[in-house]
Amino acid sequence: MRTRRAMAVLAALTMAGVGVVVAAPTPAGAATTAVTCPTGWGSLPKTAADADDGSLTDIRTGRHDCYDRMVLDVPTAGTTGIGYTVHYVDAFVQDPSGIPIPVSGGAILEILVSAPSYDPETNAVTYPGHGGQPLPGVDLTGYRTFRDAKFGASFEGVTQVGLGVRARLPFKVTQLSGRLVIDVAHSW
């Protein structure tokens with residue numbers, strides 16, 4: 001009798017559009033860990049003043065449980081930091097030409113890093129980016145937030161990158177020794 005009543009209640013809830021979730025048992029010995037995603041990053045511009053000279057040598061990306069990550073390597077930079085501005089823009093425009101560069105996604109983060117993609121002493125290329133082209137070696141297939149990444153320019157000691165993301169999501173910028181790290185959250 002109770003089983004019939006429980007089934008009737010379950011059927012009524014299902015027909016009413018109320019979701020009922022039944023958790024499957026966890027296999028013996030399997031560890032369960034909940035992922036807690038950081039909050040409070042915000043989507044306002046983030047900047048740091050020029051502090052050290054160095055040349056950009058690589059840009060790479062990675063996927064994490066709560067965010068997608070882009071890392072800009074500036075290994076010749078000292079411990080005093082790397083100058084940068086990271087902010088959302090309506091359109092990605094190449095500096096200084098003013099040529100618009102299409103970047104896929106629901107929003108565009110412009111990354112300006114105070115590190116040329118060449119050696120200022122010799123003019124030898126240190127990062128092989130070309131204006132308006134995808135970033136060399138960066139494949140964003142399977143990313144939850146990142147959609148596109150284009151090289152803008154490297155002009156007067158500043159390198160410009162356009163990062164297309166799914167939507168205008170919170171992000172944070174962290175400096176590590178010789179690296180600038182940009183994390184964009186998967187959700188608010």
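1. The side chain of Thr-159 makes a polar contact with the side chain of Ser-154, at 3.0 Å. A polar contact here is a pair of N or O atoms within 3.5 Å; within protein, one must be able to donate a hydrogen and the other to accept it, and residues adjacent in sequence count only if both atoms are side-chain atoms. This is a predicted model: local features need pLDDT of at least 70, side-chain atom pairs count only at pLDDT 80 or more, and totals for chains, interfaces and linings use all residues. Residues are numbered from 1 along each chain as its sequence is written, and side-chain values use heavy atoms, with hydrogens and water left out.

2. Thr-159 is found in strand E7. Its relative accessible area is 0%, so it is buried (under 20%; exposed is over 50%, partly exposed in between; 1.4 Å probe, protein chains only). Its side chain also reaches the backbone oxygen of Ala-115, at 2.5 Å. Beyond four places in sequence, its contacts (heavy atoms within 4.5 Å) include Leu-56, Ile-111, Pro-116 and Phe-151.

3. Ser-154 is also the bridge partner of Thr-159. Strands E6 and E7 (residues 158-165) pair antiparallel over eight bridges. Strands are DSSP runs of E, at least two residues, numbered from the N terminus; two of them pair if DSSP finds at least two bridges between them.

4. Five strands form an open antiparallel sheet, in the order E1-E4-E5-E7-E6. Which strands stand at the edges? E1 (46-48) and E6 (146-155) do; each has a single partner strand, so one side of each is left without a neighbour in the sheet. The twist averages 15° from one strand to the next (axes are lines fitted to C-alpha atoms; angles run from 0 to 180 degrees between N-to-C directions).

5. E2 (residues 58-63) and E3 (residues 67-73) run antiparallel, joined by six bridges. The hairpin between them has three residues. Asp-58 stands opposite Asp-73 in E3.

6. The largest nonpolar core has 31 residues. Such a core is a set of buried Ala, Val, Leu, Ile, Met, Phe, Trp, Tyr and Cys residues joined through side-chain atoms within 4.5 Å. Met-70, Leu-72, Leu-135, Leu-163 and Val-184 have the most contacts inside it. Elements giving two or more residues include E3, E8 (171-176) and E9 (179-185). E5 gives the most, with four.
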